[in-house]
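Biologist: I would like a close look at one part of this model, with its surroundings described residue by residue. Please keep to what can be read from the structure.

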Amino acid sequence: LQLENDLRRAVERQELLIYYQPIVSLHNNRIRGFEALLRWNHPTRGLISPEEFIPVAEETGLIIPIGYWVLHQACHQTRIWQEQFTAIPPLTINVNCSGKQFAQSDLTKQIDRILHETGLNGVSLNIEITESILIENADLAAKMLLQLKNLGIQLYVDDFGTGYSSLSYLHNFSIDALKIDRSFIKRMGSTNQKYELVYTITQMAHNLNMNVVAEGIETSEQLRQLQDMRCEYGQGFLFSQPLQQEAATALIQSSV
Ligand code: G
Ligand code: G
Ligand code: MN
Ligand code: NA
């Protein structure tokens, strides 16, 4: 497959890049940190979404070197921002982790190495995983989560609500935050059922000592409703699209 061969060379040709989307504290509307979002600037096809090439990366195992590259870049950039903007609380970085990455027995060791190389404290790093990772290999996941916790890293469940109907796994792992999938936030203002679902998820998370990140906030009405629910964090086009590093730096600069 052509895409597969192209992807093999993408890292060394520096065609992969990271966009940063702010995660905002909803109680004061200030930037808490960013989510790192991978993009591939293909020489002939232009910008390719991770939805298209992550599956290829997973099948070929390329997700492993690519995943460590993302972690390294994102931690490095976050450390630079922390040193540059000392008047605000140290910015945090959320990095997405796929199932295959999560199954690497030396994942914690590699992340520890990256933290040392970049000088970033583990407490500034949040790892995002999907529900399916926790459920499909629960024993391994429990072990990994404990190891990551020992580095100070926080665990976020991504796309919450879209995967499994079973909630029992929430008891079995120490999860720090749920990211409510943007499909729930969409039309929250116009349909009562969506509002009630988001409200109920938020209450449940708080009762289990977890924070909540609402994804895909696009309107000030959605923002107000989420603030009323005491949802801690938000992400979405209302605040900012995912930005290239220079634009993200300018956004932080303008907010301090
Ligand atoms: O940014 P965008 O909406 O195109 O992202 C699409 C999907 O790709 C999201 O579900 C996101 O979690 C995933 N994704 C983005 N960056 C990374 C990455 O660095 N690693 C992995 N495994 N997934 C990513
Ligand atoms: O699955 P994950 O949450 O990692 O995916 C993040 C993706 O969501 C990114 O690709 C980003 O472009 C997209 N996204 C971020 N904010 C919004 C938003 O407000 N509306 C919509 N439709 N998509 C968003
Ligand atoms: Mn994510
Ligand atoms: Na998501």
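By class, how many residues of the shell around ligand 1 are nonpolar, polar and charged?

Modeller: This is a predicted model. The shell around ligand 1 has six nonpolar, three polar and two charged residues. The residues surrounding ligand 1 are Leu-37, Leu-38, Ser-49, Pro-50, Glu-51, Ile-54, Val-70, Asn-96, Ser-98, Asp-158 and Pro-242. Helix 2, residues 50-60, and strand 2, residues 30-42, each contribute at least two residues to this shell. The largest share, three residues, comes from helix 2.

Strand 4 spans residues 92-96 and pairs with strand 5 in the parallel sense, over four bridges. In this pairing Ile-93 has Leu-125 of strand 5 as its bridge partner. Strand 5 also pairs in the parallel sense with strand 6, residues 154-160, this time over five bridges. There, Asn-126 stands opposite Gln-154 of strand 6. Asn-96 and Asp-158 are among the residues surrounding ligand 1; strand 4 covers 92-96, and strand 6 covers 154-160.

Strand 5 itself runs over residues 125-130, and it is largely enclosed by the rest of the structure because six of its six residues are buried. In a regular strand, side chains alternate between the two faces of the sheet. For strand 5, one side carries Leu-125, Ile-127 and Ile-129, and the other carries Asn-126, Glu-128 and Thr-130. The residues on both sides are all buried, so that both faces of strand 5 are covered.

Conventions: Residues are numbered from 1 along each chain as its sequence is written. Chains are lettered from A and ligands numbered from 1 in the order in which they are written. This is a predicted model: local features need pLDDT of at least 70, side-chain atom pairs count only at pLDDT 80 or more; totals for chains, interfaces and linings use all residues. A residue is near a molecule or strand if its C-beta atom, placed from the backbone, lies within 6 Å of it. Ala, Val, Leu, Ile, Met, Phe, Trp, Tyr, Cys and Pro count as nonpolar, Asp, Glu, Lys and Arg as charged, and the others, Gly among them, as polar. A residue is buried if 20 or more other C-beta atoms lie within 10 Å of its own, exposed if 12 or fewer, and partly exposed in between; C-beta atoms are placed from the backbone. Two strands pair if DSSP finds at least two bridges between them.
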